[in-house]
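Thanks for coming. I will show one model and walk through a few places in it.

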Amino acid sequence: MAKAMARQQGKGMAATMTMRPAVVSSASWASTNLTPDGFNTSEQRWGAAAIGFAHSLLSHTHLSFGIMAVILNEFETSLDSTAHSEAQDNASWEQYSERSSFVLQFLNSTLSLHHLQHHRKKVELLSKCYFYLDIEPKHVTVTEQNQVMHRTNILQLIDPRQFQRMKKVGKNQTEIQLSLLTELLEQLERGREELSHYVETYDTVTFLSRWDMIMQRLSKLSEYMETLTSLQVPGKLHVKHQMVSQADLRGTTLPNIRLSLRTKMPLIFDRNESFAHKDWATLKWFAEDQKSHLEQYELHVRLLTGGSQAEVGYGRIQVVISNTCVVRDLQPGSSYTFLIRRSNTQTLVFERWHDSITLTTQTDAVGEADRSAWTPKG
């Protein structure tokens, strides 16, 4: 029984296995809808979708490569631009360094504070000088009616009216010269401040953009300095009219007369050697350059009342040919102002400044004790 059932089951399984391929084959055809002619409409749709997806994928791939190419191109352009910008910055900085160094060199040489102070002292000294009319030649040989020849001072032959006219011209020229020197100094000092401001405050771009203006300023300041230097030497005077009458020459040929200005240094009191006693005072002075020869000087003496220089008492002038002077007959316990100047001469055309000193005489008690110790000579 058992063997029969086993054989029956074996047959059933064989039959089942024999029929399964047809079922599977039928299911496969049913599920895939295959026909002897190929794909049906559903499969065509699937193929079209697959092809579209492939095209889309390829398209996106091409697009991604295009974007990458653009990004890379922009990156390379940015690198080139950055490198070019850095090169420009380096070139601008080198140009700025070179030009700013040039300005600084000008400020430290031509327009240095020491140089300007030196010129200011010279101009201040020049404004205190005495200006004279200098005539060349100073002497000429003249033939008299008796055919005797002798040397004559040129001033004796010059027309007095023309001579006074030339003195006025010399005075005007001196005043203009001193005024120009003062103005030029102020221009140079302001110019130094401007150039220093440009170097200290301007950035590279601003400095380079205004370089033409800076160079124009430098050029103008250089011209000012040259003019300042040249004007510190008194110049010549142009003679437009005949200064000597031919009638006075009596046939003598007169050489060309040349006029110019010359200076003499101002006189300065020696404050260590000038002092007052009871009723007298001793004064000593010198020329600024310490080289002036002794000549005729005028010592002006004025009594100050109430201790104020505005309240002037009596005064007098002593003419001396020396660099020292003893002034007598002063009032004890009084203040005096002493002023020294060069005597007026025929050729003096301009003087503006004179040195002065104020001394106070001693009282009677102090004066008596001092007199016993020392008495002035002369």
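Start at Thr204, which touches Ser92, Trp93 and Tyr96 when residues up to four places away in sequence are not counted; contact here means heavy atoms within 4.5 Å. Thr204 and Trp93 are 111 residues apart along the chain, and their C-alpha atoms are separated by 7.0 Å. Thr204 is found in helix H5, residues 204-209. Helices are DSSP runs of H or I with at least four residues, strands are DSSP runs of E with at least two, and both are numbered from the N terminus. Thr204 counts as partly exposed, because its relative accessibility is 22%. The scale is relative accessible area with a 1.4 Å probe on protein chains only: buried is under 20%, exposed is over 50%, and partly exposed is in between.

A word on provenance. This is a predicted model, in which local features need pLDDT of at least 70 and side-chain atom pairs count only at pLDDT 80 or more, while totals for chains, interfaces and linings use all residues. Residues are numbered from 1 along each chain as its sequence is written, and side-chain values use heavy atoms, with hydrogens and water left out.

Now the overall counts. The protein has eight helices and 14 strands. Of its 378 residues, 31% are buried. Among contacts with a separation of 6 or more, 72% are between residues 24 or more positions apart.

Next, the core. Which residues have the most contacts inside the largest nonpolar core? They are Leu195, Leu283 and Phe338, in a core of 66 residues. Helix H4, residues 160-201, gives the most to this core, with ten residues. By nonpolar core I mean a set of buried Ala, Val, Leu, Ile, Met, Phe, Trp, Tyr and Cys residues joined through side-chain atoms within 4.5 Å. Take Leu283: leaving out residues up to four places away in sequence, its contacts include Phe269, Leu299, Cys325, Val327, Phe338, Ile357 and Leu359. Ser274, Asn323 and Thr324 are also among the residues that Leu283 touches.

Cys325 brings up the cysteines. Cys325 is buried, since its relative accessibility is 7%. Cys129 is buried too, at a relative accessible area of 1%. The structure holds zero disulfides, a disulfide being a pair of cysteine sulfur atoms within 2.5 Å.

On to helix packing. Two packed helices are described by the angle between their axes and the distance between the axes. For H3 (residues 113-127) and H6 (residues 211-231), the angle is about 35° and the axes are 11 Å apart. The axes are lines fitted to C-alpha atoms, for helices over the stretch in contact, and angles run from 0 to 180 degrees between N-to-C directions. The H3 side of the contact consists of His115, Leu116, His119, Val123 and Leu126, which meet Met225, Leu228, Thr229 and Leu231 in H6. Those residues divide into six nonpolar, three polar and no charged. In that count Ala, Val, Leu, Ile, Met, Phe, Trp, Tyr, Cys and Pro are nonpolar, Asp, Glu, Lys and Arg are charged, and the others, Gly among them, are polar.

Leu116 counts as buried because its relative accessibility is 4%. Beyond its neighbours within four places in sequence, Leu116 is in contact with Leu111, Leu185, Leu188, Glu189, Arg192 and Met225.

Two backbone items follow. Most residues other than glycine have a negative phi, and most peptide bonds are trans. A cis peptide bond joins Glu136 and Pro137, with omega about -5°. Pro137 is in the loop between strand E1 (130-136) and strand E2 (139-143). Asp329 has a positive phi, near 60°. Its place is the loop between strand E11 (324-327) and strand E12 (335-342), and Asp329 is exposed, with a relative accessible area of 65%.

Last, Arg151, in strand E3 (residues 149-153). Is Arg151 buried or exposed? Arg151 is exposed, because its relative accessible area is 59%. Neighbours within four places aside, Arg151 is in contact with His139, Val140 and Thr141. The C-alpha atoms of Arg151 and Thr141 are separated by 4.3 Å.
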